[in-house]
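Trainee: I am new to this structure and should like to understand the terms used to describe it. May we go through them with the model in view?

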Amino acid sequence: MSTRTGTSASVRLGAAGRYGLLVVAGVVSLAPLLWMMASSLKAGGDIIARPFSFDPGQFTWENFRSMLDTIPIGTGFRNTAIVVVVKGALTMIFCPMAGFAFAKYAFPGKRLLFGTVLTTLMLPTLVLLVPLLLEMSQLGWVSTFQALILPGAIDAFGVFWMRQVIMAIPDELLDAARVDGAGELRIFASIVLPVIRPGLAALGVLTFINIYNDFVWPVVAVNDEQHQTLQVMLSALAQNIRSGQLGADWTSVWGQLLAASTVAAIPVLIVFIVLQRHLIKGVMAGSLKG
Amino acid sequence: MVTVTEPTATRGEASMIRRRRGGRPGRRGSRRVKAAPYLFVAPFVLVFAAFSAYPIFFALQLSFTNWHGAGALEVIGFANYRFLLTSPDFWQSMATSGALWLLVVPAQILLALTIAVALRKARFRGLFSAALIAPFVTPLVAMAQVWIILFDQDFGAVNHGLTSLGLPAVGWLTTSAWAKVTVALLVLWRTTGYAVILLMAGLSTIPSDVYEAARIDGAGAWQQFWSITVPLVTRTLSFVVVIGTLTVFQLFAEPYVVTGGGPFNGTRTAGLYLYKHITNSDLGLGAANSMLLVLMVLALSLASIRLLRSREDS
């Protein structure tokens, strides 16, 4: 009897500890984001003087207004949108296609090609920085959309992942379509793609987030403002501020910086909130990568 | 990996043979079936050849030359490698990345495993998972701005909080030791949720009757964690360590935006040092540095896997 109550007390204590830990972890995860958004709506001086008090009655759009005056953020959004749409489309069409070939066909050279895919997964992206930049300048592509879009499109990870997903489709389904006289492309488009829709959704979310947030390659590949993506523009702004070009007192532009960061984070957060189940599935599938 | 590939290949072949025997009219059909996989992989292969394979071989070649972006390639043998391996700057960048690894990876494993175990039996799992992975999807550059502002020495919210608790203010971005911590905190904040989700996936493969049996044998919670959970998620754990190692040794954007590599090069990671060669137009040197970085990352990943696997065996 006494051991039983002892156990249930310790179970209850365990549960309290567990939820306590989870709540703390959740709060720590969200706090910087919420702080950024709430502070972007505060008057400049208040961000510094009262960083932890938020009074919705005092909120102002002033930071957003002055931010829009200083940063060509519209251009940044446009450039990011172009890259996301084109690079994303390339990935979403050609990764499943290559994955299909690796999953469902036997062809000479397949093992060699697939081995290459697996090797690429292990390779640090930083290795490519120097030679890719040179390649771009040889092609005359520095500061162009081609440079932002083509390197890194149709990436090996997407191909590998789509292969795993497509392997689960029974061969009989494809053979039945062949007997009915469907061509290979038709089979891909009207059988494979609809069947793997959940996998495609997950690939889509991850691809969007990766391209939208990408920074290392865009900052190296682009030197002019016309082609800067949103992220590059933000970082350039921060550097200008740090070197004092926008004003000696750098705390006076905190509001603007927070407003710009909020604007940059919101599209990806909306996509995340709407599609987070697919994202979590995608990350879990990504653990197959090992 | 090979074992995974093999059965598909044979299955694919079998279905192809079936198809041929199935007597599709004429040779046109089978030729089309043969050509199809090549057409399907062609776009991937083209982009891969042009923007991955070619640059890698180009980088390897460049690493043996003294090249600044124009003129003929002057082959200088291993001089770039010798220069780097005897350069204090190179070793300082490696040491900085090593220090960041120590600050990030062990803490991340500990945190992620604890949270994943807690999350496993909790209600509202979807809600907690979403909150935990949210930082992972946020644009790094935007969050780096927030970090600079939060951790400002004189006016930042973090020091504001510390001093209001009667603690001393910290030079989060102004001393080279604390700047590493600040960058490490940003990496931890952004990627720990990702590690939690990976570990959750690993934990979900452990059948619950294993715990049942252990409980009947009188194993306490701690014992269960240490002798069931940890060994059974070793694979996932090593995956998390490898990902963490790759992330830290390629760290570029975080120190680039938050600290610019400073103060006093205190956060000039291997990745930022590599970038310096690009901005200096020392491209042969940069290529050699890339190659050394690849070797380092591969060696570290393999070592972490080895270490974790040996735990699994014992």
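Mentor: The centres of domain 1 of chain A and domain 2 of chain A, taken over C-alpha atoms, are 32 Å apart. This is a predicted model, in which local features need pLDDT of at least 70, side-chain atom pairs count only at pLDDT 80 or more, and totals for chains, interfaces and linings use all residues. Residues are numbered from 1 along each chain as its sequence is written, while chains are lettered from A and ligands numbered from 1 in the order in which they are written.

Trainee: What makes these two parts of chain A domains?

Mentor: Their bounds, 2-62 for domain 1 and 65-289 for domain 2, come from an automatic or database domain assignment.

Trainee: How many residues of each domain take part in the contact between them?

Mentor: Domain 1 of chain A gives 9 residues and domain 2 of chain A gives 10, where two residues are in contact if their C-beta atoms, placed from the backbone, lie within 7 Å. On the side of domain 1, α1 (2-40) and α2 (44-49) of chain A each supply two or more residues, and α1(A) has the largest share with 4 residues. Helices (H or I, at least four residues) and strands (E, at least two) are DSSP runs, numbered from the N terminus.

Trainee: What classes of residue make up that side of domain 1 of chain A?

Mentor: There are 5 nonpolar, 3 polar and 1 charged. Ala, Val, Leu, Ile, Met, Phe, Trp, Tyr, Cys and Pro count as nonpolar, Asp, Glu, Lys and Arg as charged, and the others, Gly among them, as polar.

Trainee: Why is Trp254(A) called buried?

Mentor: A residue is buried if 20 or more other C-beta atoms lie within 10 Å of its own, exposed if 12 or fewer, and partly exposed in between, with C-beta atoms placed from the backbone. Trp254(A) has 25 other C-beta atoms within 10 Å and is therefore buried. Trp254(A) lies in helix α14 (residues 254-286) of chain A. Not counting residues up to four places away in sequence, Trp254(A) touches Gly44(A), Ile47(A) and Ile149(B). Gly44(A) is 210 residues away from Trp254(A) in sequence, yet 6.9 Å away in space, C-alpha to C-alpha.

Trainee: What secondary structure does chain B have, and how much of the chain is buried?

Mentor: Chain B has 14 helices and 0 strands, and 43% of its 314 residues count as buried.

Trainee: How many residues of chain B are in contact with chain A?

Mentor: In chain B, 84 residues are in contact with 81 residues of chain A. Helix α2 (residues 26-62) of chain B has the largest share of the chain B side, 19 residues. That side holds 61 nonpolar, 17 polar and 6 charged residues.

Trainee: What makes a set of residues a nonpolar core?

Mentor: Its members are buried Ala, Val, Leu, Ile, Met, Phe, Trp, Tyr and Cys residues joined through C-beta atoms within 7 Å. The largest such core here has 167 residues, and Val196(B) is one of those with the most contacts inside it. Helix α8 (residues 176-203) of chain B gives this core its largest share, 14 residues.

Trainee: Where in chain B does pLDDT stay under 50?

Mentor: It does so over residues 1-28 of chain B; pLDDT is the predictor's confidence in each residue, from 0 to 100. Where pLDDT is low, the predicted coordinates should not be read in detail. Chain B averages a pLDDT of 84, and 88% of the residues score at least 70.
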